[in-house]
Amino acid sequence: MRPVCVIGASGFVGLHVIKALKSAGVLDLHVLVHKAPVDPNHYASLVHGDILDDTSLDNLLLPGSLVINLASPTGVSGLDAARSLARACARNGVLRLVHMSTAMVIGDRSESTISEETPCTPSDEYGKLKLQVERILKDGAENRFELLILRPTAMFGPRGKNLHTLARRVAFSSMAHRVVRAIAMGHRNMHALD
């Protein structure tokens, strides 16, 4: 079985990904640990460092490995992290990078079905940043390693905050605010994690 390297394992999605990998029997698991505490019993190998640090990435990434990137630095750091990760994946000969992006890169669409051919026209700064990150990774991956980009919508489940935040807004916002928000958000899909 190929080694699996995970960046961003201590976040909400990361905890579920690690649990799923362990349940699937992945034994050669390597995790980049930045600031958040991590239970060492859940991981085969911990690498302390930062996605912006080349040495940290070189210590984490293994030739022929599957890399799962769940980290999402914001602003210029997000762009720098994407460049650093793309270079490190190429330099270390990884087989595949799975990058967690967001459905926000698509922008406001009226279609009920979105495909890979749907043009990305993000409508806010967050979506624009995430699309830039995707493009940096695509350029870095070309003819060097496989790149898969996941674009989930809002996620909810144990330890998640999206559904809790939504419920709190409904419970404590004025009727006018809820109506305006419902019009602005429209039909919103969410992904459940268990």
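Mentor: Gladly! Accessible areas come from the Shrake-Rupley method with a 1.4 Å probe, and for residues only the protein chains shown count as cover. By that method the chain exposes about 11,300 Å², and carbon and sulfur atoms supply 56% of it. Please keep in mind that this is a predicted model, where local features need pLDDT of at least 70, side-chain atom pairs count only at pLDDT 80 or more, and totals for chains, interfaces and linings use all residues. Residues are numbered from 1 along each chain as its sequence is written, and side-chain values use heavy atoms, with hydrogens and water left out.

Trainee: What makes up the secondary structure of the chain?

Mentor: Six helices and eight strands. Helices (H or I, at least four residues) and strands (E, at least two) are DSSP runs, numbered from the N terminus.

Trainee: Why is D80 called partly exposed?

Mentor: Buried means under 20% relative accessible area, exposed over 50%, and partly exposed in between. D80 has a relative accessible area of 35%, so D80 is partly exposed. You will find D80 in helix α3, residues 75-91. As for the chain, buried residues make up 36% of its 194 residues.

Trainee: How do you know that α3 and α4 are roughly parallel to each other?

Mentor: Axes are lines fitted to C-alpha atoms, for helices over the stretch in contact, and angles run from 0 to 180 degrees between N-to-C directions. The axes of α3 and α4 (residues 125-141) cross at roughly 15° and come within 9 Å. Angles under 35 degrees count as roughly parallel, so α3 and α4 are roughly parallel to each other. Contact means heavy atoms within 4.5 Å, and the residues making it include L79 and A82 of α3 and V133 and I136 of α4.

Trainee: What makes β4 and β5 a pair?

Mentor: Two strands pair if DSSP finds at least two bridges between them. Strand β4 (residues 66-69) and strand β5 (residues 96-100) have four bridges, in the parallel sense. I68 stands opposite V98 in β5.

Trainee: And why do β3 and β6 stand at the edges?

Mentor: The open sheet has six strands in the order β3-β2-β1-β4-β5-β6, with parallel pairing. β3 (45-48) and β6 (146-150) each have a single partner strand, so one side of each is left without a neighbour in the sheet. From one strand to the next, the twist averages 20°.

Definitions and conventions
Buried < 20%, exposed > 50% of the residue type's maximum accessible area, 1.4 Å probe, protein only. Parallel < 35°, antiparallel > 145°, perpendicular 65-115°, else oblique.
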